[in-house]
Amino acid sequence: MAQQPFSTEDLSVFYGEKEAVKKISMEFPENTVTALIGPSGCGKSTFLRSLNRMNDEIAGARVTGHIWMNGQDLNAPGTDVIKLRQQIGMVWQKPNPFHKSIYNNIAFGPKYRGVKNKKQLDEIVEKSLRRAALWDEVKDRLKDSALALSGGQQQRLCIARALSVEPQILLLDEPASALDPVSTGKIEELITELKKELRIVIVTHNMQQAARISDYTSYFYMGNLIERDVTEKIFSNPANQSTQEYIMGRFG
Ligand SMILES: Nc1ncnc2c1ncn2[C@@H]1O[C@H](COP(=O)(O)OP(=O)(O)OP(=O)(O)O)[C@@H](O)[C@H]1O
């Protein structure tokens with residue numbers, strides 16, 4: 001499926017009076033992974049969450065500016081936020097499967113959207129689990145509780161759950177930081193596979209991970225976007241001194 005253009009323009013997020021993200025304009029090209037990096041508290045997660053209007057759920061948070069998808073401003077009043085979150089899925093740092101079976105974790109979104117046919121649901125569940133590279137590990141235990149899976153499996157289940165409603169964009173907030181190296185490797189492989197079909201935006205504290213899996217890297221500092229460029233350039237020859245210092249591990 002052709003992907004729709006997606007970008008932000010002058011996007012700011014305020015918590016009360018404090019401007020935590022400052023007028024950020026960023027493009028997210030088709031079939032790419034964009035890594036958001038920067039020291040703790042610089043606004044990466046706040047920016048990520050604003051892309052599918054999750055900051056709407058935070059009391060006192062206010063978002064100004066634009067989120068453009070195919071010429072439509074998703075930050076405009078009147079946007080159907082439920083539909084928007086199907087198009088722009090999110091996976092959090094800590095795996096958060098529902099207290100339901102593996103099958104029902106995946107079928108939940110499609111059912112909510114009105115899919116009732118059992119065969120169709122079965123197909124969606126299988127396809128989503130395959131896309132998340134989890135099918136072979138769980139196909140014989142779909143009725144088991146999702147909470148019986150390992151942390152790494154739970155995280156892939158959460159990715160499968162997001163995929164079940166065919167999003168165009170996937171937002172990942174440090175999706176591997178709570179996982180062991182093997183599970184982390186699986187998530188990274190999965191991200192590389194999935195970007196063939198959708199755009200991915202990932203917050204990561206792991207510089208090697210950003211260098212390995214992303215096409216573009218955006219460096220944030222104190223709510224500002226200091227520099228955004230192709231990942232190779234950011235890691236070999238950044239334009240900004242503070243980007244250089246951060247990726248060299250001198251602070252943050
Ligand atoms: N719910 C909130 N209410 C008020 N202030 C908040 C809230 N969430 C974040 N902030 C503040 O906004 C700023 C940006 O926070 P954010 O979590 O986006 O940074 P981050 O770069 O993702 O940090 P980390 O790498 O530690 O996760 C920080 O100063 C933080 O204290």
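What follows is a short exchange about a predicted model.

Colleague: What makes the overall size agree with a compact globule?

Modeller: The protein has 252 residues, and a compact globule of that length would have a radius of gyration near 18 Å; the protein has 18 Å, so the two agree. Along the principal axes, the C-alpha trace spans about 55 × 45 × 35 Å.

Colleague: How many of the residues count as buried, and what makes a residue buried?

Modeller: A residue is buried if 20 or more other C-beta atoms lie within 10 Å of its own. By that cut-off, 42% of the 252 residues count as buried.

Colleague: Which strands form the open sheet, and why are β2 and β5 said to stand at the edges?

Modeller: The order is β2-β1-β4-β5, with antiparallel pairing. β2 (18–27) and β5 (72–73) each have a single partner strand, so one side of each is left without a neighbour in the sheet.

Colleague: How do you know that β4 and β5 pair?

Modeller: Pairing needs at least two bridges between the strands. Strand β4 (residues 61–69) and β5 have two, in the antiparallel sense, so they pair. In β5, Gln 72 is the bridge partner of Met 69.

Colleague: Where do α3 and α4 make their contact, and what is the make-up of the residues there?

Modeller: The axes of helix α3 (residues 102–112) and helix α4 (residues 118–131) come within 9 Å and cross at roughly 115°, and the crossing is right-handed. Among the residues in contact are Tyr 103 and Ile 106 of α3, and Leu 121 and Ile 124 of α4. The contact residues divide into eight nonpolar, one polar and one charged.

Technical notes
Residues numbered from 1 in each chain as written. Predicted model: local features only at pLDDT ≥ 70, side-chain atom pairs only at ≥ 80, totals over all residues. Rg over C-alpha atoms; globule rule 2.2 N^0.38 Å. Buried ≥ 20, exposed ≤ 12 C-beta atoms within 10 Å, placed from the backbone. Helix = DSSP H or I, 4+ residues; strand = E, 2+ residues; numbered from the N terminus. Axes fitted to C-alpha atoms, helices over the stretch in contact; angles between N-to-C directions. Left-handed = near helix turned anticlockwise from the far one by under 90°. Contact = placed C-beta atoms within 7 Å. Nonpolar A, V, L, I, M, F, W, Y, C, P; charged D, E, K, R; others polar.
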